[in-house]
Amino acid sequence: GEGVGRYLCATREVSAGEVVLRDSPVGAVLLKMHRATRCAWCFEEVLEFTWVCCRRCALPQYCSAACRDLDCCAASADQPLFGHSPTGGECGAGWTQALPEEATLATRLA
């Protein structure tokens with residue numbers, strides 16, 4: 001209806017747990033509280049300390065070289081608003097540690 005913003009309206013019965021919409025994010029950033037336990041690209045939990053870092057700085061940390069390379073490529077090619085670019089403003093910048101995650105995300109979306 002009018003004045004309610006964006007919404008979905010089902011045209012049939014929807015079962016509990018059924019996927020009704022799938023979309024890709026415009027941008028993402030790992031919460032600070034998860035930086036020591038989750039990959040900065042796939043967000044999977046890493047139980048062992050087998051971290052792979054950015055090629056130019058100690059941040060962010062990835063679960064594998066494949067995730068690192070996907071993040072760095074995505075930040076400069078298909079998804080310019082998503083990820084850590086080794087040549088971008090986040091690489092080696094202390095402000096990403098000092099400011100809230102929302103500030104990092106905002107710079108990716110700016």
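A residue is termed buried when its relative accessible area is under 20%, exposed when this area is over 50%, and partly exposed in between (1.4 Å probe, protein chains only). By this criterion, 27% of the 110 residues of the protein chain count as buried. The structure is a predicted model, in which local features need pLDDT of at least 70 and side-chain atom pairs count only at pLDDT 80 or more, while totals for chains, interfaces and linings use all residues. Residues are numbered from 1 along each chain as its sequence is written, and side-chain values use heavy atoms, with hydrogens and water left out.

The secondary structure of the protein chain consists of three helices and two strands (DSSP runs numbered from the N terminus; helices, H or I, of at least four residues and strands, E, of at least two). Along the sequence these elements follow the pattern β-β-α-α-α. Of the contacts (heavy atoms within 4.5 Å) in the protein chain between residues at least 6 apart in sequence, 39% join residues at least 24 apart.

When residues up to four places away in sequence are not counted, Ala40 touches Leu30, Pro60, Gln61 and Tyr62. In helix H3 lies Thr104, which is buried with a relative accessible area of 2%. With the exclusion of residues up to four places away in sequence, Thr104 touches Val29, Glu90, Trp95 and Thr96.

The largest pocket is lined by 22 residues, and Leu30, Arg35, Ala40, Pro60 and Arg108 lie nearest its centre. Strand E2 (61-62), helix H2 (95-98) and helix H3 (101-109) each contribute at least two residues to this lining.

No disulfide (a pair of cysteine sulfur atoms within 2.5 Å) was found in a search of the whole structure. The closest cysteine sulfur to that of Cys53 belongs to Cys57, at 7.8 Å, which is too far for a bond; Cys53 is partly exposed, with a relative accessible area of 29%. For Cys91, the closest cysteine sulfur is also in Cys57, at 3.7 Å, again too far for a bond. Cys91 is buried, with a relative accessible area of 16%.

Methods. 1 Å grid on protein atoms, 1.4 Å probe; cavity = no way out; pocket = protein on both sides within 12 Å on 5 of 7 lines; lining within 4 Å.
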